[in-house]
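Subject: Handover of a structure and the findings from it

Dear colleague,

Please find below the sequence and the structure that I am handing over to you. My notes on what was found follow directly after.

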Amino acid sequence: MNSATASPTPEVLRDRMVDRVVANAHAGVPGAGRVAQVMRAVPRHQFVPEASLEDAYGEGAVITKRGADGKATSCASEPGVVGMMLEQLRLRPGQRVLEIGAGTGYNAALLADLVGPGGQVTTIDVDPDVTAGARRNLDANGYQHVKVVTADGVLGDPGRAPYDRIILTVGAWDVAAAWREQLHLGGRLVVPLRWRGQTRSVALTHQGDQLRADSLKLCGFVPLVGQGGEHAVFLDDDRQVELRWDTDQPIDPEHLAGALAGDRIDVWCGVTVRGDESFDGIWLRLTATEAGTCRISADRAAVDRGLCAPAVPSLTAALAEGDSIAYLAVQRSNGSHELGARGHGPSGQAMAERLCDTIRAWGLDRDAQPGLVIYPASTPDTDLPAGMVVDKPHTRLVLIAP
């Protein structure tokens, strides 16, 4: 085989992978930064040995274990998300780090290179198969000094606490008390946190009785074992349209039964997006202003017959109140896409108008994000700042509109 037709080497593929991560503004990884440097150095393919080189250095996650239901239970996360979260963590040499969600060991290797020989990395996972695989991969690649623990990540690892940094590489429904307790004052916690149907990689600083966010990035992760907090119901007899909402929300599915069968009101707001432009910031804004923010999804059959046509059929922001519902919608307009809302039920039009108000506010400043402060669940209302409160089992999230 001559050089013109030879397959790219792992080093070439790895550089291409990092180049893509750096080029992605959403990830926020500077090309000359330390995160990019360690991603160019650590051989990702050796942490996913069963994957092809193309998959190991591709843009997607590499699934390494599935449950009996076929859903992923462990994986090597998308490189762009890995870089994004490491940037959020703001690691410095010599720091002590706890990673919750061992995965393949790849992320722990990156952490170890970032903190250097004077630092310390502990990675923890509840699944012994996962930790065994991570241990093998780390040992095989020269990271014997990384500690791998098989235990419940919700409890952290008090034996090596306190930590300067804690990072979760699994999706979390709540922020466990142990994570805050095992984090140095002024330390940073990066967690893929889910509320109101969407997940954000949230970077938090420990400020005594509160954790204050300074970065909220869209992401998706395999969920942490043992945490939950959503209700789900089909809104039609054919089970083609599903609504999901949080357990703290007073949404009664019986009141919503038949809402989609009634008249539909479309409200268009004049805000447009390009075909490749994300508008997920609207959903995030809604969580800070609308108590009924939830999530709707529709099968292709439901869309085709006009029963329900959300902007993104698989997951779209919605509002649910009493016997009415409204959700984000999109239509073609002069070569671009115009955003709007569709409402059903007696209050559907008013709710669609409110959703459009949020769309217009987002359209004026598409980078603005709400503030987020997290308090212990025992915090009384009088000690919370003004904002939208989302109650979790262990915490109270306060979202402050931008």
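Is Cys-356 buried or exposed? Cys-356 is buried, because its relative accessible area is 0%. Here buried means under 20% relative accessible area, exposed means over 50%, and partly exposed lies in between, with a 1.4 Å probe and protein chains only.

Before going further, please note that this is a predicted model, in which local features need pLDDT of at least 70 and side-chain atom pairs count only at pLDDT 80 or more, while totals for chains, interfaces and linings use all residues. Residues are numbered from 1 along each chain as its sequence is written, and side-chain values use heavy atoms, with hydrogens and water left out.

The cysteines

A disulfide is a covalent bond between the sulfur atoms of two cysteines. The rule applied here asks for a pair of cysteine sulfur atoms within 2.5 Å, and by this rule zero disulfides are counted. For Cys-356, the closest cysteine sulfur belongs to Cys-269 and lies 4.2 Å away, which is too far for a bond.

The chain as a whole

The protein chain contains eleven helices and 19 strands; these are DSSP runs numbered from the N terminus, with helices (H or I) of at least four residues and strands (E) of at least two. Of its 402 residues, 53% are buried. The radius of gyration, taken over C-alpha atoms, is compared with a globule rule of 2.2 Å times the number of residues to the power 0.38. For 402 residues a compact globule would have a value near 21 Å, and the chain agrees with this at 22 Å. Its C-alpha atoms fill a box of roughly 65 × 65 × 40 Å along the principal axes.

Two local features

Helix H9 (residues 281-289) is largely enclosed by the rest of the structure, because eight of its nine residues are buried. Among them are Trp-283 and Arg-285.

Val-126 sits in the loop between strand S4 (120-125) and helix H6 (128-140). With a relative accessible area of 42%, Val-126 is partly exposed. Val-126 and Thr-150 are separated by 24 residues in sequence, yet their C-alpha atoms are 5.3 Å apart in space.

Yours sincerely,
A colleague
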